[in-house]
2 protein chains.
Amino acid sequence: MRAPDMPAAGADVGGGSVKYGVLAEGGRVVFRGSFPTSPTPEDTFEELRRRLREASASAGVEPRRLGVALPGPLPADRAALGELPNLPAWSGWPVRERLSALFGLPVAVENDANAAAFAEAHLGAGRGCRTVLLLTLGTGVGGGIVHEGRLFLGAEGAAAEIGHLTVQDDGPFCPCGKRGCLEALVGSRALGASYAARAGLGEPPPLAEVISLARRGDETALAVFRQAGAWLGVAVAAAVNLLNPDCVLIGGGVAAVGGPLLEAVRASAIPRVMPALRNFRLAGAALGNEAGFIGAALLAAGEEG
Amino acid sequence: MRAPDMPAAGADVGGGSVKYGVLAEGGRVVFRGSFPTSPTPEDTFEELRRRLREASASAGVEPRRLGVALPGPLPADRAALGELPNLPAWSGWPVRERLSALFGLPVAVENDANAAAFAEAHLGAGRGCRTVLLLTLGTGVGGGIVHEGRLFLGAEGAAAEIGHLTVQDDGPFCPCGKRGCLEALVGSRALGASYAARAGLGEPPPLAEVISLARRGDETALAVFRQAGAWLGVAVAAAVNLLNPDCVLIGGGVAAVGGPLLEAVRASAIPRVMPALRNFRLAGAALGNEAGFIGAALLAAGEEG
């Protein structure tokens, strides 16, 4: 485990809400909170600044770094935002420079799934593992790879796009522009639609309801997640053959369904993994919806001042 | 580029022959040769020792490190050989200790595809790239990943098994024990059989003949490699979505067919790659069948003495 050697704040900006917190030296979360995301980044981060000032006062810890996790792709240098489908007014905003000025702190910016993977590898379910792959299941399907304590980002900082592995040729269209992506098949909208179709409903119920039904043993709801696990297993197997991880973690809101999903992932993945590489641990993520801000804070604490 | 700062010898041990050479400080190959692999590792490396002594004398360069590339999986610590399907009598041999004693030099041991990827990234077609993926096409289909100048090996040193990605569910059995592996579909035996079936021959011709026919424009032979490229593209796309390489190289004997294969790989891969990640270079490898010994020598030159 890598413990931050200074207090750091983290924020995980989603389309609906911002989750944030303060980590003390050593990594303990000494403050946590959330608030609705504003349409503009200026308003959102002004609110974050106000709240972090209160948090510092109440927790008696002064953050010396700020990490921000953001949805969607980011340019390799993490200086400005890319196109954020869920936050259109934010596209192109020079995030690092503006936040450094606003907060007066060194700032780290990272993709939300990467930040979550970093947190799980250092302080969560991937502790002690050498090569960690995290999948985050929600509206989108994200991924992050941590190898020997560092994010694996590829040539342009966009590695681990496991949600966009093609798992069904000629499958449904994905917002990314291609077909048959894992995300198009197991993103929360697809799962809701799958439940509605199986249950003969005109409108998909909120996914939380389908998860809750599955946890109570409802066969229709369970079938949705077993099918999702089968698709996820195809992508997990490809990733295991390429990355040889010792730890594969499933996180994000959809993962709350638990055991039945993990079992279906395993049953689908194992026959597709080279026998010599089957010795990996498949488990749920441990840090829940705090992984993003924790990882962002940890990444920030590791930045050069 | 990383140039070795000391002379180093390299050897690439295959089931049929050993290719070896001496690299001067700076990376130039000052001697190269090959000889048939003996049934036992002792006889093989005794012959290598005799030949390297002659090579040093004739080239006037004294190697200070030895790197050895070997086929098949190796344990994470690279101390002993694993099961080598093409060299059964070699299985379990404590390669690093024995070679250090025999040669009186620090020894590096690596999987042959990884060694080739390391050579291509530093001195071949991947020079200047940040994240290089190499596929080696022969009897087996191997892979290697080099990121920021270092091999990406995963948790147990077995990453980059792209030949064992499942690209056809319920596809043909692979020697690895599972079905539908890329290797089972595009390994040289499968390609020979595919040509024989298309040409109505009872026996597959040597693959070199099929490659030569394809290079002269024979439609039956070309169809074999176009189909192979289509399968390869499925695996390349998965790897690009996960690794975000700037450079994907195709090497090994089968790659000698050249353009038609690369075009088929590209046509199959691109629609399966997330649009934001399509900006990678796909090219043939540059170092031919010397990549293995060059990479082994480079890896050895980078070892601590």
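**A tour of a predicted two-chain model**

Begin with chain B, where an open sheet of five strands runs in the order 8-7-6-9-10 with mixed pairing; keep in mind throughout that this is a predicted model. Select strand 8 (150-151) and strand 10 (281-284) of chain B, which are the edge strands, each pairing on one side only. Next, colour strand 6 (residues 131-137) and strand 7 (residues 141-147) of chain B, which run antiparallel and are joined by seven bridges. To see one of these pairings, pick B:Leu137, whose bridge partner in strand 7 of chain B is B:Val141.

Move to chain A, and select the open sheet of five strands with the order 8-7-6-9-10 and mixed pairing. Here, too, strand 8 (150-151) and strand 10 (281-284) of chain A are the edge strands. Show strand 6 (residues 131-137) and strand 9 (residues 247-251) of chain A, which run parallel and are joined by five bridges, and then pick A:Val132, whose bridge partner in strand 9 of chain A is A:Cys247. Helix 8 (residues 259-269) of chain A packs on this sheet, where it touches strand 9 and strand 10 of chain A, and its direction makes about 155 degrees with that of strand 10 of chain A.

**A hairpin**

Select strand 2 (residues 17-23) and strand 3 (residues 29-36) of chain A, which pair in the antiparallel sense over seven bridges. A:Ser17 stands opposite A:Pro36 in strand 3 of chain A, and within the hairpin, which has five residues between the strands, A:Gly26 takes a positive phi near 100 degrees.

**Two buried helices**

Go on to helix 7 (residues 219-243) of chain A, whose 25 residues reach 35 Å from the first C-alpha to the last, close to the 36 Å expected at 1.5 Å a residue. Is helix 7 of chain A enclosed or open, and why? Because 18 of its 25 residues are buried, helix 7 of chain A is largely enclosed by the rest of the structure. Just after this helix, look for A:Asn244, which takes a positive phi of about 45 degrees.

Then select helix 9 (residues 291-301) of chain A, where eleven of the eleven residues are buried, so that this helix is also largely enclosed by the rest of the structure. Among its buried residues are A:Phe293, A:Ile294, A:Leu298 and A:Leu299.

**The whole chain, then both chains**

Finally, display both chains: chain B can be laid on chain A with an RMSD of 0.0 Å by a turn of 180 degrees and a shift of 0.0 Å along the axis, which is the relation of a two-fold axis. To find that axis from chain B, select B:Ala238, whose C-alpha is the nearest in chain B to the axis, at 3.5 Å from it. Since 100% of the interface residues of chain B are also interface residues in chain A, the copies meet through the same surface.

Terms used. Residues numbered from 1 in each chain as written. Chains lettered and ligands numbered in written order. Predicted model: local features only at pLDDT ≥ 70, side-chain atom pairs only at ≥ 80, totals over all residues. Helix = DSSP H or I, 4+ residues; strand = E, 2+ residues; numbered from the N terminus. Expected span 1.5 Å × (residues − 1). Buried ≥ 20, exposed ≤ 12 C-beta atoms within 10 Å, placed from the backbone. Least-squares fit on C-alpha atoms with pLDDT ≥ 70 in both. Contact = placed C-beta atoms within 7 Å. Pairing = 2+ DSSP bridges. Axes fitted to C-alpha atoms, helices over the stretch in contact; angles between N-to-C directions.
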